[in-house]
Amino acid sequence: MSETAKLALDGKQAEFGLRHGTIGPDVVDIASLYKDTGLFTYDPGFTSTASCESKITYIDGDEGVLLHRGYPIEQLAEKGDFLETCYLLLYGELPTTQEKEDFVYRVTRHTMVHEQMSRFYSGFRRDAHPMAVMVGSVGALSAFYHDSTDISDPHQRMVASIRMIAKMPTLAAMAYKYHIGQPFVYPRNDLSYAENFLHMCFAVPCEPYTANPVLAKAMERIFILHADHEQNASTSTVRLAGSSGANPFACIAAGVACLWGPAHGGANEAALNMLSEIGTADRIPEYIAKAKDKNDPFRLMGFGHRVYKNYDPRAKIMQETCHEVLNELGIKDDPTLEVAMELERIALHDDYFVEKKLYPNVDFYSGITLRALGFPVTMFTVLFAVARTVGWIAQWKEMIEDPQQRIGRPRQLYTGAERRDYIDMGSRG
Ligand code: CMC
């Protein structure tokens, strides 16, 4: 294959080199396009644009493959735990026993948040969406941890990274407790990451709480499955915010804000709401028809993905985990699960979904699982944010450490008014 791509325009030719990844499509390096031709590229939604070079996560959307630092998500979810995945994403290799112990020690020593943060929470309305509280409280971390905001210092960068991985579950559990009017529960460093999170969410000071090991394992899996996903919208937001040299905690708050949208992390909440609204399997055809109707904005939530044109590998694991949790809890006939399974079956055989390659994504089964674990729907995206924090941080760190790094500054195709002169108020039509 040729090592250059040629662009011919008005009899002139410009050549652009190809760059090869370890796996996946090559990219045409068009960094000099504007200088060489005076043209920009136009790619709304970045469907054909690699925004950066990265060594962290690889997705093959056609084959349904997801690798973190080369390791398949199925193996990480089955054999590893969340903090090991965090270490892998941050440092590039699986930890040795010693490295793992040291990492767990460092994370668990940062799980508490500044006591003043609790007063910050009381400024929110109790009925605020927990994601609204998260956007505010994660951003507020930037006002508390001044000794880890010099992004040019590798030690401070790592301290900020560890702090965020450690404190995110604490903030999320506080958002939940505040929402339901219960006292905040302090973290317990003798528990695993997932157990501690369940403890902070579901323990109350008046009686002991022990997390069910099957449910804790499911929580751990949900965290692993959501840990990173290449240059998705929230990760790209974090990278773009970070490219200006912004405070790391503020960059993560930007990621939380982006994740909230129903086309992204908000889909787990939207998917469960949709399944509840459908209610019974006999109403599925009505919703399938709505999803296909071009004049109806309705979409089947939890279906489709920008990159996966095959079964989302995370959805398969999520489906198994969902069954494990429902079995453990003795939930035999969950009507939402029945609707979900029937909807999945019908959609996988329907021409519209088959032709458009719309498969269930990770959010399709995560909602049912999270609800069975005891979380209200409004917390679903918060849990996604807890898990994705490590991905955001690893990608942010990689960007800051990249010697080629420059501020992200896309251009545009301007279609507004041409230059015109100011019209005095009295002369306007
Ligand atoms: N239901 C019905 N039709 C759909 C759906 C859906 N869920 N998703 C895509 N389509 C159709 C869409 O109407 C379009 O049809 P046409 O070509 O005739 O105009 C075609 O499929 C391509 O859709 P698109 O919107 O151009 O694709 P996209 O890559 O821009 O969007 C998506 C990807 C995930 C935003 C979209 O599939 C969607 O809105 N899904 C529902 C929301 C959801 O589950 N999001 C979670 C994604 S996974 C977790 C995460 O990223 O956070």
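A salt bridge is a side-chain nitrogen of Lys or Arg within 4 Å of a carboxyl oxygen of Asp or Glu. The legends below describe close-up views of a predicted model.

**View 1. The salt bridge between Arg 188 and Asp 190.** Arg 188 forms a salt bridge with Asp 190. The closest N and O atoms of Arg 188 and Asp 190 are 2.6 Å apart, and this pair counts as a salt bridge because the cut-off is 4 Å. The relative accessibility of Arg 188 is 32%, so Arg 188 counts as partly exposed. Asp 190, by contrast, counts as exposed because its relative accessibility is 56%, and the class of exposed residues begins over 50%.

View 2. Helix H4 comprises residues 97–108 and contains both Arg 106 and Asp 102. Arg 106 and Asp 102 are joined by a salt bridge, with 3.3 Å between the closest N and O atoms. Arg 106 is classed as partly exposed, with 24% relative accessibility. Asp 102 is also partly exposed, at 36% relative accessibility.

**View 3. Further salt bridges in the structure.** The side chains of Lys 290 and Asp 296 form a salt bridge with an N to O distance of 3.4 Å. Lys 290 has a relative accessible area of 28% and is therefore partly exposed. Elsewhere, a network of salt bridges links Arg 19, Glu 53 and Lys 55. A search of the whole structure finds 20 salt bridges.

View 4. The shell around the ligand holds 21 residues, of which His 264, Leu 300, Gly 302, Arg 306 and Lys 356 come nearest. By residue type, this shell consists of ten nonpolar, six polar and five charged residues.

View 5. A backbone N or O atom of Leu 300 is 2.8 Å from a nitrogen atom of the ligand. Phe 303 likewise places a backbone N or O atom 2.9 Å from a nitrogen atom of the ligand. In the case of Asn 361, an N or O atom of the side chain lies 2.9 Å from an oxygen atom of the ligand. On its own, the ligand has 940 Å² of accessible area, and the protein covers 75% of this area.

**View 6. Cys 52 in a loop.** Cys 52 belongs to the loop that runs between helix H1 (33–37) and strand S4 (57–60). Its relative accessibility is 27%, so Cys 52 counts as partly exposed. When neighbours within four places in sequence are left aside, Cys 52 is in contact with Gln 231 and Arg 239. Val 325 is 273 residues away from Cys 52 in sequence, and the two C-alpha atoms are 38 Å apart in space.

**View 7. Ser 137 in helix H6.** Ser 137 is part of helix H6, which spans residues 130–140. Ser 137 is buried because its relative accessible area is 0%, and the class of buried residues covers values under 20%. Apart from its neighbours within four places in sequence, Ser 137 is in contact with Met 117, Phe 120, Tyr 121 and Leu 171.

Notes. Residues are numbered from 1 along each chain as its sequence is written. This is a predicted model: local features need pLDDT of at least 70, side-chain atom pairs count only at pLDDT 80 or more; totals for chains, interfaces and linings use all residues. Side-chain values use heavy atoms; hydrogens and water are left out. A residue is near a molecule or strand if one of its heavy atoms lies within 4 Å of it. A polar contact is a pair of N or O atoms within 3.5 Å; within protein, one must be able to donate a hydrogen and the other to accept it, and residues adjacent in sequence count only if both atoms are side-chain atoms. Accessible areas come from the Shrake-Rupley method with a 1.4 Å probe; for residues, only the protein chains shown count as cover. Ala, Val, Leu, Ile, Met, Phe, Trp, Tyr, Cys and Pro count as nonpolar, Asp, Glu, Lys and Arg as charged, and the others, Gly among them, as polar. Helices (H or I, at least four residues) and strands (E, at least two) are DSSP runs, numbered from the N terminus. Buried means under 20% relative accessible area, exposed over 50%, partly exposed in between (1.4 Å probe, protein chains only). Contact means heavy atoms within 4.5 Å.
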